[in-house]
Amino acid sequence: MAVKVYKPVTPGLRNMTGYSFEEIEGYLDKQIDISKVSMYTNGALRSFVMSLKAEGIAIVLLTNNIRSHAEQILKRIGYYDLFDDIFIAFETGNLKPDLRCFSNIIAKMGVDPVEAISVGDDFRNDIYPALVLGIRALHVNGPEDIVPGL
């Protein structure tokens with residue numbers, strides 16, 4: 001399935017920062033060289049996610065990264081094709097842990113919060129907001145914790 005790209009909705013971003021979405025994304029893209037960031041692929045995690053997809057379970061990503069960085073990272077570790085949707089929090093004008101990031105995804109995916117699970121390594125950004133909205137959550141240290149945790 002092709003990854004959906006949602007148009008940035010950022011009227012409040014200029015009010016908050018004085019810069020447009022495009023200006024901020026362009027600055028971050030120039031300042032951070034993703035090719036120099038250390039990363040690795042976890043084959044067991046990839047296999048597990050593929051088995052979930054085979055059962056018809058949608059896999060989505062919510063990240064505070066900018067789109068170009070998120071896509072570079074996912075492609076570099078071989079996970080880009082695993083996601084049905086990639087939600088860039090920055091493009092909505094709300095960053096995690098804002099509850100609207102999570103509630104908007106639930107609405108766009110057309111699922112009930114109890115049917116979803118948030119997996120993340122940051123309790124404040126990934127776990128707490130999910131729990132507040134009634135979404136199950138799994139706090140992990142890294143990819144090696146995900147398969148046993150589920």
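This is a predicted model: local features need pLDDT of at least 70, side-chain atom pairs count only at pLDDT 80 or more; totals for chains, interfaces and linings use all residues.
Local features rest on pLDDT of at least 70 and side-chain atom pairs on pLDDT 80 or more, while totals for chains, interfaces and linings use all residues. Residues are numbered from 1 along each chain as its sequence is written, and side-chain values use heavy atoms, with hydrogens and water left out.

**Cavity**
- The structure holds one cavity of 30 Å³ or more, a cavity being a set of points, on a 1 Å grid over the protein atoms alone, where a 1.4 Å probe fits but cannot get out.
- The largest cavity contains about 50 Å³ of space, the volume being that filled by probe spheres set on the grid points, which are joined across faces, edges and corners.

**Lining**
- The lining (residues with an atom within 4 Å of a point) consists of Leu 62, Phe 87, Ile 88, Ala 89, Thr 92, Cys 101, Asn 104, Ile 105 and Lys 108.
- Two or more lining residues come from each of β2 (85-88), α5 (89-92) and α6 (99-109), where helices (H or I, at least four residues) and strands (E, at least two) are DSSP runs numbered from the N terminus.
- Helix α6 gives the most to this lining, with four residues.

**Surface patch**
- Leu 99, Phe 123, Tyr 128, Leu 131 and Val 132 form a nonpolar patch with about 470 Å² of accessible area together (Shrake-Rupley method, 1.4 Å probe; residues over 30% relative accessible area and without a salt bridge, nonpolar side chains joined within 5 Å; salt bridge, a Lys or Arg side-chain nitrogen within 4 Å of an Asp or Glu carboxyl oxygen).
- Helix α7 (residues 123-132) gives the most to the patch, with four residues, whereas Leu 99 is found in helix α6.
- Leu 99 counts as partly exposed because its relative accessibility is 34%, between the limits for buried (under 20%) and exposed (over 50%).

How values were computed:
On a 1 Å grid over the protein atoms alone, a cavity is a set of points where a 1.4 Å probe fits but cannot get out, and a pocket is an open set with protein on both sides within 12 Å along at least five of seven lines; lining residues have an atom within 4 Å of a point. Patches are made of residues with over 30% relative accessible area and no salt bridge: like charges are joined within 9 Å, nonpolar side chains (Val, Leu, Ile, Met, Phe, Trp, Tyr) within 5 Å. Buried means under 20% relative accessible area, exposed over 50%, partly exposed in between (1.4 Å probe, protein chains only).
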